[in-house]
Amino acid sequence: MPLPDTIYCAQQIHIPPQLPDILKSFTKAAIRTQPTDVLQWAEAYFTALSKGEFLPVKERLEMNIASQTTDTGLTPGLLKVLHKQLSQRQKCSRKELQNKWKGVCLPPEQLETLLSLGSFGSVVDWMSFFALGCSTLGGSLMTSLKFACEILTEDEEGGAARIPFTTFVKLYTYLAHLDGDIPQEHMDRFLESLQERVDLQDGMIKPLDFINSPHPD
């Protein structure tokens, strides 16, 4: 069998015209996302790219995370990535969530802990899981809801971080029920105390409306 032709000059090498832009975008995304396992993340990245799905890419570099030497698990940036990937439908399969979780290189044991805590089966209500994710970021109920507002808001970074009050009520009610120590009458009274200011804000609520409000947290 004859040996393949030896390439002697650059003119003999055909570079697909899309390749430079693809590699440039991939490199920027990797730097911004800081995956703990680049190869695993790259597989998820190019799979999503080929299917036209939301990429497993953070919107911006989380500086406090990038400077750490150990994996701390779920971060606001990664939870926002998962939300973009999985919130298009109200529910997702457990397997789909596991695949997306793996794609952003998060610890599988942390996922299993959250799934167990929420008593999820083969089908997962996304916003309920999202609320649990926020609870791992915040040390208290109010702090968890503040993270939820900052992740879900369409306001610019550093803005008021408003979200629809209906969304806030769903997240708050789920986490408060899960807590188990907050009486229903306290929950109702707390939501009623927020309703008046929400009515003046076109049905939107921001962290400043509730973070310092009296609550049996």
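Modeller: Trp 101, Phe 120, Trp 126, Phe 129 and Phe 130 are joined into a cluster by ring pairs. Two rings of Phe, Tyr or Trp (its six-membered ring) pair if their centres lie within 6.5 Å; the planes are stacked under 30 degrees, edge-to-face over 60 and tilted otherwise. This is a predicted model, in which local features need pLDDT of at least 70 and side-chain atom pairs pLDDT 80 or more, while totals for chains, interfaces and linings use all residues. Residues are numbered from 1 along each chain as its sequence is written, and side-chain values use heavy atoms, leaving out hydrogens and water.

Leaving aside neighbours within four places in sequence, Ser 128 is in contact (heavy atoms within 4.5 Å) with Phe 120 and Tyr 174. Ser 128 sits in helix H7, residues 126-137; helices (H or I, at least four residues) and strands (E, at least two) are DSSP runs numbered from the N terminus. With a relative accessible area of 12%, Ser 128 is buried, a word that means under 20%, with exposed over 50% and partly exposed in between (1.4 Å probe, protein chains only). The side chain of Ser 128 also makes a polar contact of 2.8 Å with that of Asp 125. Such a contact is a pair of N or O atoms within 3.5 Å, one able to donate a hydrogen and the other to accept it within protein; residues adjacent in sequence count only if both atoms are side-chain atoms.

Another serine, Ser 119, lies in the loop between helix H6 (108-117) and strand S2 (123-125). Its phi is positive, about 55 degrees, although Ser 119 is not a glycine. Ser 119 is exposed, with a relative accessible area of 64%.

Back to the rings: the structure holds 13 aromatic pairs. Among them is the tilted pair of Phe 168 and Phe 210, at 4.8 Å centre to centre with 40 degrees between the planes. Phe 168 belongs to helix H9 (residues 165-179) and Phe 210 to helix H11 (residues 207-210), so this pair links distant parts of the chain, 42 residues apart. Both Phe 168 and Phe 210 are buried. Tyr 172 and Phe 190 form a tilted pair because their ring centres are 5.1 Å apart and their planes stand at 40 degrees. This pair, too, links distant parts of the chain: Tyr 172 is in helix H9 and Phe 190 in helix H10 (residues 184-199), 18 residues apart. Tyr 172 counts as buried at 0% relative accessibility, and Phe 190 is buried at 3%.

Helix H2 (residues 38-51) has 14 residues. Its buried residues include Trp 41, Ala 42, Tyr 45 and Ala 48, which pack against helix H1 (19-33) and helix H5 (94-103). The face of H2 turned away from the buried side carries the exposed residues Leu 39, Glu 43, Ser 50 and Lys 51. At the start of H2, a side-chain oxygen of Asp 37 comes within 3.3 Å of the backbone nitrogen of Leu 39. Just after H2, Gly 52 has a positive phi of about 70 degrees. In the loop between H1 and H2 lies Gln 34. Gln 34 is not a glycine, but its phi is positive, near 55 degrees. At 38% relative accessibility, Gln 34 counts as partly exposed.

Technical notes
The expected span of a helix is 1.5 Å times one less than its number of residues.
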